[in-house]
Structure formats: structure tokens, C-alpha cells
Amino acid sequence: MAALHLTKDNFEKEVLQAKEPVLVDFWATWCGPCVGEMPALQKLADEFPEELVILAVNCSEDKGTVQKFIKNNGYTFPIVLDTDGAIQFMFGGITSLPTTFIIDEEGYIVAAGSGASDADSMYKVYKEALGL
């Protein structure tokens, strides 16, 4: 599992000061729509490795559960474990999953949404929102 330890201390550097757009996706393994959109995130990560940062923030699940899910599905994009909800809090509190934010190179949220469709539809939505 490609892991990134995201905290309030390094949030600005890793997200707000990234040199490329950042897609931050809040998800959980028990969330059907979250699981359904994960292939879209992998496709974006595979097709645009230099143009985009993907941070899939798992909401409140333990490391073992997340690692097993990622390994079983072969995902390679960065996974952030938010076991205490601190990252969710930094985004104003996440009340539904999946919730996705797209942050531009200037550090501004340019798109946000909750819910998901099938992976192909979500890929198109994200790709358009990112201008890719």
C-alpha cells in the first residue's frame, strides 16, 4: 500500500502547496459507492502520474482492514489513514461517503461532491474537473 502520513502539520505542504492538482477522496471499505469508484482513481493515477496527486483518505478504519482491501484489489495510489477523523475535520467534517475535493495548483478547492456512480462515469467526471 502506498501510504502517506498526512497530518495537520504537513497538510499545507502535501496538499495546498502541491505543484499539481490534488484529488482528495474520503472513503471506506464498507461503502459500496466508495468501492465502486476506486477503479476510476486507479485509472487516473495510471494515466496521469505526473499531472495529478491522488490522496484516498480512509475514514476511521484500522490499518489491517485497509491494507487487506488495497492488496486484494491491487490499488497503487496513495492511501491516507484517518483513524481519528482529524483530516475529515480539516475539510469541515465529512458527513457522507464518498466525498471528493479537487484542489488546484494554487491551493483552492475548485470542485467538491458527495456520492458516486460507476467507475467509468466517475473517471469522466474527475478527468473533466481536473482539466485533464
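Is Phe69 buried or exposed? Phe69 is buried, with a relative accessible area of 12%; here buried means under 20% relative accessible area, exposed means over 50%, and partly exposed lies in between, for a 1.4 Å probe and protein chains only. The model is predicted, so that local features need pLDDT of at least 70 and side-chain atom pairs count only at pLDDT 80 or more, while totals for chains, interfaces and linings use all residues. Residues are numbered from 1 along each chain as its sequence is written, and side-chain values use heavy atoms, with hydrogens and water left out.

Five strands form an open sheet in the order β3-β2-β1-β4-β5, with mixed pairing. Strands (E, at least two residues) and helices (H or I, at least four) are DSSP runs numbered from the N terminus, and two strands pair if DSSP finds at least two bridges between them. At the edges stand β3 (79-82) and β5, each of which pairs on one side only. From one strand to the next, the twist averages 15 degrees; axes are lines fitted to C-alpha atoms, for helices over the stretch in contact, and angles run from 0 to 180 degrees between N-to-C directions.

Strands of a sheet pair through backbone hydrogen bonds, either parallel or antiparallel. β1 and β2 pair in the parallel sense over six bridges, and Asp25 stands opposite Ala56 in β2. By contrast, the pairing of β1 with β4 is antiparallel, over five bridges, with Val24 opposite Phe101 in β4. β4 also pairs with strand β5 (residues 109-114) in the antiparallel sense over five bridges, where Thr100 stands opposite Gly113. These two strands, β4 and β5, form a hairpin with five residues between them, and Gly107 in the turn has a positive phi of about 90 degrees.

Strand β4 is mostly covered, as five of its five residues are buried. Thr99, Phe101 and Ile103 lie on one side and Thr100 and Ile102 on the other, and both faces are covered.

Helix α2 (residues 32-47) has 16 residues and reaches 24 Å from its first C-alpha to its last, close to the 22 Å expected at 1.5 Å a residue; the expected span is 1.5 Å times one less than the number of residues. A kink of about 30 degrees lies at Met38, shortly before the proline Pro39, the bend being the angle between axes fitted to the seven residues ending there and the seven starting there. Buried residues of α2 include Cys34, Met38 and Leu41. Their cover includes β1, β2 (53-59), α3, β4 and α5 (119-130), with contact meaning heavy atoms within 4.5 Å.

Finally, a search of the whole structure finds six aromatic pairs. Rings of Phe, Tyr and Trp (its six-membered ring) pair if their centres lie within 6.5 Å; planes under 30 degrees apart count as stacked, over 60 as edge-to-face and the rest as tilted. Phe26 and Phe101 form an edge-to-face pair, 6.1 Å centre to centre with 85 degrees between the planes. This pair links distant parts of the chain, since Phe26 lies in β1 (residues 22-27) and Phe101 in β4 (residues 99-103), 75 residues apart. Phe26 counts as buried because its relative accessibility is 0%.

Trp27 and Phe69 form a tilted pair, 5.4 Å centre to centre with 40 degrees between the planes. Trp27, Phe69, Tyr75 and Phe77 form one aromatic cluster.
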